[in-house]
Amino acid sequence: MSTRVVLSIGSNLGDRLAHLQSVLDGLGAAVVAVSPVYETPAWGGVEQGPFLNAVVLAEDPDLDAHGWLRRAQQLEDASGRVREQRWGPRTLDVDLVQCFGPDGEVTLGDADLTLPHPYAHVRAFVLVPWLEVQPDAALTVAGRTDPIAVHLAAVDAAERTGVRRTGFVLHIAGRD
């Protein structure tokens, strides 16, 4: 069973902040921590508006990695997410970046889910907020585990500077 997860959340359609907040509201007591909110240019080469992004740390002993994936997809569906174009605009994107179970980091590569997330280590919009909410985090890429700061240092400087902290705040239910 996977019990802890790192989620990258983003939105660039509609009320972007409300879509991000819906993830925390939907996960409820499972939320352990959330990063500040950042605004970033879209990634993936599709012309579209900027995203609001954050990283959420959550814990639930009843969910394994595929359970977290189903939960993420339920949250996306509840926000009206439409999957028409790869890396296209969306009301809500909830990506599983990393999962931990009783035996440590979960590694998966099946038709539905790849863990750790195959692009997390090259995406400043994931690494910057993740580093802020969990400075001692590490990520395994190609069998090698390195601190998030090392992965972030390897990302193009222009992409790193494109991740701008906003004044927006996400609220964890029952803790504000």
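So, Asp 77: it's partly exposed, at 48% relative accessible area, where partly exposed sits between buried, under 20%, and exposed, over 50%, with a 1.4 Å probe and protein chains only. Keep in mind that this is a predicted model, where local features need pLDDT of at least 70, side-chain atom pairs count only at pLDDT 80 or more, and totals for chains, interfaces and linings use all residues. Numbering runs from 1 along each chain as its sequence is written, and side-chain values use heavy atoms, leaving out hydrogens and water.

Asp 77 sits in helix α2, residues 65-78; helices here are DSSP runs of H or I, at least four residues, and strands are E runs of at least two, numbered from the N terminus. Its C-alpha is 9.4 Å from that of Thr 91, 14 residues apart along the chain.

Now, the inside. The largest nonpolar core has 30 residues, and Ile 9, Leu 24, Leu 27, Trp 68 and Leu 96 touch the most other members. By core I mean buried Ala, Val, Leu, Ile, Met, Phe, Trp, Tyr and Cys joined through side-chain atoms within 4.5 Å. Which element gives the most to this core? That's α2, with 5 residues. Apart from this one lies another core of 20 residues, among them Tyr 38 and Phe 125.

Back to Ile 9: beyond its neighbours within four places in sequence, its contacts (heavy atoms within 4.5 Å) include Leu 20, Leu 52 and Leu 170.

Zooming out, the chain has 5 helices and 11 strands, and buried residues make up 49% of its 176 residues.
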